[in-house]
Amino acid sequence: MNTKQRVLKALEENRAQYVSGQDLADKLNITRTSVWKAINSLKEEGFEIESLTKKGYKLVQDDDNLSVAGIKKGLIRELKDIDIKIFNTIDSTNTEAKRMLYSEKIKDFTVLVSDEQTGGRGRQGKNFMSPKGTGVYFSIIIHPKENFDISYFDLITVRAAVSVSQGIEESTGKFSEIKWVNDIFVDGKKVCGILSELDADFETHTVKSVIIGIGINVNEPKEGFGEDLKDIAGSVGTDIIRNEILSTILNRFYHNYFYEDEDKILKYYKEHSLVLGKNLTFEKNGKKYEGIGVDINEKGNLVVDTKKGRMTLSSGEVSVKGDFTR
């Protein structure tokens, strides 16, 4: 951790309170000149830091810049030592995660976060709009156990969707709903997409890593979402800072992935489902079908009643369509 990061961590620990330059220097065992340089550098990066003679410096309460210190401040004890990497802009956190997996050894539960994505990706090759300063775009890298069953892959996305839904409600008080398998809706509009990807050896049928990419529209961009998305995309809409929302979701995902009972996960998912009991259309193996969503099974697959009988769908096979906005 460099001097600038150490100063930011100290300010974050005392957010909205003045800390004198001398106290910072003494605590961090650096000179006051080093403190001053770090403060100026942080201001140049956009951090809202106020300074007052005889009082010192403070990070203002509503500063919404993403930082490792700000995220870790809200993490549970089990996650305090995870690796978190912050980017100002990047093509895609999932794409960067793949690059890292092939170039270096990555700790379990490493998190990549970016303030902006220029090539955010969704399922089936779709783009995910990721404008600067208004959303939370991140990827979690996990290393499943050696006996991981690929047929249960959808359940990872289910656990992630439940975690996002719970995290939004816990941090902002907003109720959210889930469109199978990977979209989160608030007030009838999509605010989040999830893209889970495998790093697998299909010859040995082993999974080395799983990357869970999550993009959340926290607040609407000033320029809006554009003509193509204005009737579909929405935002959580909150004055809660993004570091807090992210840390809450990470806490939830850690618990839901490693410890929560599968039945409880599926119960929550079904209670917040936008597809169960709804008329749906989908395409499978080149054929179009219509049906009613009736269940989410133990593997996270969607069960649909059609005129030709009951069908079980995995996320890799189909994209479900219906009227989910309002």
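Residues are numbered from 1 along each chain as its sequence is written. In this predicted model local features need pLDDT of at least 70 and side-chain atom pairs count only at pLDDT 80 or more, while totals for chains, interfaces and linings use all residues, and side-chain values use heavy atoms, with hydrogens and water left out.

Me: At roughly what angle do the axes of helix α6 and helix α7 cross?
Reply: Helices here are DSSP runs of H or I with at least four residues, and strands are runs of E with at least two, numbered from the N terminus. Axes are lines fitted to C-alpha atoms, for helices over the stretch in contact, and angles run from 0 to 180 degrees between N-to-C directions. On that basis the axes of α6 (residues 153-172) and α7 (residues 242-258) come within 8 Å and cross at roughly 140°.

Me: Which class of angle describes α6 relative to α7?
Reply: Angles under 35 degrees count as roughly parallel, over 145 as roughly antiparallel, 65 to 115 as roughly perpendicular and the rest as oblique. The axes of α6 and α7 cross at roughly 140°, and that makes α6 oblique to α7.

Me: How do the residues of the contact of α6 with α7 divide into nonpolar, polar and charged?
Reply: Contact means heavy atoms within 4.5 Å, and among the residues that make it are Ile156, Val164 and Glu170 of α6 and Ile249, Arg252 and Tyr257 of α7. Ala, Val, Leu, Ile, Met, Phe, Trp, Tyr, Cys and Pro count as nonpolar, Asp, Glu, Lys and Arg as charged, and the others, Gly among them, as polar. The contact of α6 with α7 accordingly holds 8 nonpolar, 7 polar and 4 charged residues.

Me: How many of the residues of α7 are buried?
Reply: Buried means under 20% relative accessible area, exposed over 50% and partly exposed in between, with a 1.4 Å probe and protein chains only. By this criterion α7 is mostly covered, and the buried residues number 13 of its 17.

Me: Are α1 and α3 roughly parallel or roughly perpendicular to each other?
Reply: The axes of helix α1 (residues 3-13) and helix α3 (residues 32-44) come within 9 Å and cross at roughly 80°. The contact involves residues including Val7 and Leu11 of α1 and Ala38 and Leu42 of α3. The two helices are therefore roughly perpendicular.

Me: Is asparagine 29 buried or exposed?
Reply: Asparagine 29 has a positive phi of about 55° although it is not a glycine, and it sits in the loop between α2 and α3. Its relative accessibility is 70%, so asparagine 29 counts as exposed.

Me: What is the relative accessible area of aspartate 154?
Reply: Aspartate 154 belongs to helix α6. Not counting residues up to four places away in sequence, it touches Trp180, Val181, Lys299, Gly300, Asn301, Leu313, Ser314 and Ser315. Aspartate 154 is buried, with a relative accessible area of 4%.

Me: How far apart in space are glycine 234 and phenylalanine 185, C-alpha to C-alpha?
Reply: Glycine 234 lies in the loop between β9 (206-217) and α7, and at 8% relative accessibility it counts as buried. Glycine 234 and phenylalanine 185 are 49 residues apart in sequence, and their C-alpha atoms are separated in space by 8.0 Å.
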